Amino acid sequence: QVQLVESGGGLVQAGGSLRLSCAASGSITAIYDMAWYRQAPGKQRELVARIPTSGDTNYADSVKGRFTISGDNAKKTVYLQMNALKPEDTAVYYCNALITTWGSGPSDYWGQGTQVTVSS
C-alpha cells in the first residue's frame, strides 16, 4: 500500500509564509510526477504546482513567483514553499503523486489534505 502524508498547514497572516511537506511511503518502486493541488470552499480542485521526474516544474499563474515546489528523491518527499501568502490562497492543499508499486503500473495517489488559512 502507498501513503502520502502531508504536514505543514496552518493559519498565517497575509504576507506570511508556510512550508508544506508530503512524504510517500509503502511498497514504492518508482515515483514519477509529484504535485500539489488545492481546493477552496465551493470551488473545484486546482493544480498549484507540479514537479516531474524529468523536465521543468510548472505552476499555476496565481502562484508564480510566490510558491516553489521541490523534491527530495531519497526521502520520497515533495515540498511546497509558500511565500507572500494571500487570503485567496486559503484552501485545503492536497499532495498528489504518480507511483508504481511491486506488480502494479503507474497509479495516482492522493494525500488526506492539509488546511491552509490566510487571514487578511
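The model is predicted.

Start with the disulfide. The structure holds one. Its partners are Cys22 and Cys95, with sulfur atoms 2.1 Å apart. A disulfide is a covalent bond between the sulfur atoms of two cysteines. The torsion about the S-S bond is -80 degrees, which makes the link of Cys22 and Cys95 left-handed. Cys22 sits in strand β3, residues 18-26, and Cys95 in strand β9, so the bond ties together parts that are 73 residues apart in sequence. Are these two cysteines buried or exposed? Cys22 is buried, at a relative accessible area of 0%. Cys95 is buried too, with a value of 0%.

Strand β9 leads on to β4. Strand β4 covers residues 28-39 and runs antiparallel to β9, joined by nine bridges.

A second hairpin is built from β7 and β8. Strand β7 spans residues 67-72 and pairs with β8 in the antiparallel sense over six bridges. Phe67 has Met82 in β8 as its bridge partner. Four residues separate the strands. Lys76, in the turn, has a positive phi of about 50 degrees.

Now follow the chain out of β8. Where is Asp89 found? It lies in the loop between β8 (77-82) and β9 (91-101). Asp89 counts as buried because its relative accessible area is 1%, under the 20% cut-off. The Asp89 side chain reaches the backbone nitrogen of Lys86 at 2.8 Å.

Which residues does Asp89 contact, leaving aside its neighbours within four places in sequence? They are Arg38, Arg66, Phe67, Ala84, Val116 and Val118. Two of these names have already come up. Phe67 is the bridge partner of Met82.

Definitions and conventions
Residues numbered from 1 in each chain as written. Predicted model: local features only at pLDDT ≥ 70, side-chain atom pairs only at ≥ 80, totals over all residues. Heavy atoms only, no water. Helix = DSSP H or I, 4+ residues; strand = E, 2+ residues; numbered from the N terminus. Buried < 20%, exposed > 50% of the residue type's maximum accessible area, 1.4 Å probe, protein only. Polar contact = N/O pair within 3.5 Å; in protein donor to acceptor, adjacent residues only side chain to side chain. Contact = heavy atoms within 4.5 Å. Pairing = 2+ DSSP bridges. Disulfide = S-S within 2.5 Å.
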